[in-house]
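Subject: Structure handover and notes

Dear colleague,

I am passing on the structure we spoke about, so that you can look at it alongside my notes. Please open it first and read the rest with it on your screen.

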Amino acid sequence: MTNSYITTTIPYVNARPHLGFALELVQADVLARYRRSRGEQVRLQAGTDDNSLKNVLAAQAAGIGVQEFVDASATAFTGLAGPLNLVVDDVIRTSSDPRHRAGVERLWRACAASGDLYRRHYEGLYCVGCEQFYPAAELADGRCPDHGTVPDLVAEENWFFRLSRYAAPLRRLIADGTIRVEPAERRNEVLALIDGGLADFSVSRSTERARGWGIPVPGDPGQVIYVWWDALGNYLTALDYAGDGENLARWWTGASRRVHLLGKGVLRFHAVYWPAILLSAGEAVPTDIVVHGYLTENGRKISKSAGATVDPYELVGAYGTDAVRWWLLREVPRGADADFTVGRLAGRANDELANGLGNLVNRVIALIHRYHGGHGPAATASAPDAAALDGAVENAHVLIAGALDDYDFRRATEAVWRIAVEANRYVNRARPWELATAGRHAELAGVLSALLRACQAAGTHLAPFLPDAAARITRQCSPDGAGLLPSPAPLLPRIAARS
Ligand SMILES: [Zn+2]
């Protein structure tokens, strides 16, 4: 039995979620739904990173306690499951979930037992926005390349992780595909990082600098564990790593695939730091590291730190779950950046969902009611000239499987869209109304049968991508006990783009 553990990153909760995070959630949900539909066992894991210093600073700015702040803010992230229609199996919150702290401590002790943790004095330039130290060479005019802020000079005694020790094994695992990093540009980026030399990195900070927030270093209460160590650990701690129980054996050690989805900005943490920590701790490494790009809005970067401009809640409220999911899946190229505008979202939804797919199903069901008494014609009737349509229907299965194996959501949805394109063409070519006028009943039944099969296939194949729309299409195309199809009703409304 194939089983997959699929994770999203756990976001800092210092601001409202933006559309870029919705992209990652929807991609993860599609993979999970698709694999479940093929009978695989899947666990989709999400969570929130509560222990960041950024959260502490945001709470102070808001004038409330840190726990109170993260509790309230986390809801905005976990609450996206409703409007985006996600099936998430488990959510872990790093500040309050009892599984987490105990698991992070175990991970620390495991690396310490391997001799990979040591104390030394350290001075460096730290960006709180990124929660990382920057070598001077990576700064732009002395400022964080991501935030444009001047990093803090930090000088203190820290714990370090012996990353340098894992450069060679890590390189081998990535080069031979044991750890598959997608797309290939990102894999090459990681290999170049490793080839540039991996320095040991700081994995703790003084409790004072952490404002007393976070998980203390086991046996060294003056230090708090680096928030990235803590956050990456969630992928294990959510499986009861501390208790070494059944979930860990089933979903990590024994899983066929351990898949992390993430944005390109946190590649180094997931493809270098995290597998090295796992090697040190004697645990299995991820099998798939799947990297998506960033979204811009009208050409501007959207991120929490830049101020959220596209609120996924508002977007779903205005245009509906189907339209938002469809844009994210249909328009964002594999692993690359994409620019969001409401006009593009509305264009996709109207051209492909309302006019393309919705109109097709409506038309086919109406034709069956007009010319065949509302009964689905027997599938044995021959459909003249239906090779292109039948091809689109029959190939969809293989095309979607191949595309999702490549984590290419645009190519996968293209296969569903092809069915609608070919079916609409077929209606216009076969002209069932003329067959009816001419009394060519056998051919008419064949045409309607081929079209109904195509609509049913579109509903089935659409399910992992747009579960709501797919369910409506499937209902519309399912005969009742007497073999009668429901009367045609609008399935996918046109939307008006407001700016
Ligand atoms: Zn930064």
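What follows is a description of the sheets, the metal site, the backbone details and the aromatic contacts. Please keep in mind throughout that this is a predicted model.

Six strands make up an open sheet with parallel pairing, and their order is S3-S2-S1-S12-S13-S7. Its edges are taken by strand S3 (90-93) and strand S7 (180-182), each of which pairs on one side only, and from one strand to the next the twist averages 20 degrees. Within this sheet, strand S12 (residues 257-263) runs parallel to strand S13 (residues 288-292), the two being joined by five bridges, and Val259 has Asp288 in S13 as its bridge partner. Helix H1 (residues 19-37) packs on the sheet, where it touches strand S1 (3-7), strand S2 (41-48), S12 and S13, and its direction makes about 160 degrees with that of S12.

A second open sheet consists of three strands in the order S15-S14-S16, with mixed pairing. Strand S15 (300-301) and strand S16 (338-340) each have a single partner strand and stand at the edges, so one side of each is left without a neighbour in the sheet. The parallel part of the pairing includes strand S14 (residues 295-297) and S16, which are connected over three bridges, with Leu295 standing opposite Ala338 in S16.

Strand S4 (residues 117-127) pairs with strand S6 (residues 152-161) in the antiparallel sense over ten bridges, and Leu125 is found opposite Leu153 in S6. S4 also pairs in the antiparallel sense with strand S5 (residues 132-134), here over three bridges, and Tyr126 has Phe133 in S5 as its bridge partner. S4 and S5 form a hairpin with four residues between them. In that turn, Glu131 has a positive phi of about 55 degrees, although Glu131 is not a glycine.

Strand S11 (residues 220-225) is likewise involved in antiparallel pairing, with strand S9 (residues 204-206) over three bridges and with strand S10 (residues 216-217) over two bridges. S10 and S11 form a hairpin with two residues between the strands, in which Gly219 takes a positive phi near 80 degrees.

Which residues coordinate the zinc ion? The donors are Cys127 (SG), Cys130 (SG), Cys144 (SG) and His147 (ND1), at 2.0 to 2.3 Å. The angles among the four donor atoms are 99 to 117 degrees, and the site of the zinc ion is tetrahedral. For reference, the ideal angle for four tetrahedral donors is 109.5 degrees. Along the sequence, the spacing of the donor residues is C-x2-C-x13-C-x2-H. Cys127 in strand S4 and His147 in the loop between S5 and S6 are 20 residues apart, and this pair links distant parts of the chain.

The peptide bond from Glu182 to Pro183 is cis, with omega near -5 degrees, and Pro183 belongs to the loop between S7 and helix H6 (184-195).

Finally, I turn to the aromatic side chains. The structure holds 18 aromatic pairs, and one aromatic cluster is formed by Trp108, Trp159, Phe161, Tyr166, Phe201, Tyr226, Trp228, Trp229, Phe269 and Tyr273. Two arginines are also placed over rings: the charged end of Arg120 sits over the ring of Phe160, 4.1 Å from its centre, and Arg258 lies over the face of Trp252, at 5.6 Å from the ring centre.

Note on methods
Residues are numbered from 1 along each chain as its sequence is written. This is a predicted model: local features need pLDDT of at least 70, side-chain atom pairs count only at pLDDT 80 or more; totals for chains, interfaces and linings use all residues. Side-chain values use heavy atoms; hydrogens and water are left out. Rings of Phe, Tyr and Trp (its six-membered ring) pair if their centres lie within 6.5 Å; planes under 30 degrees apart count as stacked, over 60 as edge-to-face and the rest as tilted. A charge sits over a ring if NZ of Lys or CZ of Arg is within 6 Å of the ring centre and within 35 degrees of the ring normal. Two strands pair if DSSP finds at least two bridges between them. Axes are lines fitted to C-alpha atoms, for helices over the stretch in contact, and angles run from 0 to 180 degrees between N-to-C directions. Contact means heavy atoms within 4.5 Å. Donors are N, O and S atoms within 2.8 Å of the metal (3.2 Å for Na, K and Ca); water is not among the atoms, so sites may look incomplete. Four donors count as tetrahedral if all angles lie between 85 and 135 degrees; four count as square planar and six as octahedral if opposite donors are over 155 degrees apart and all others between 65 and 115; anything else is irregular.
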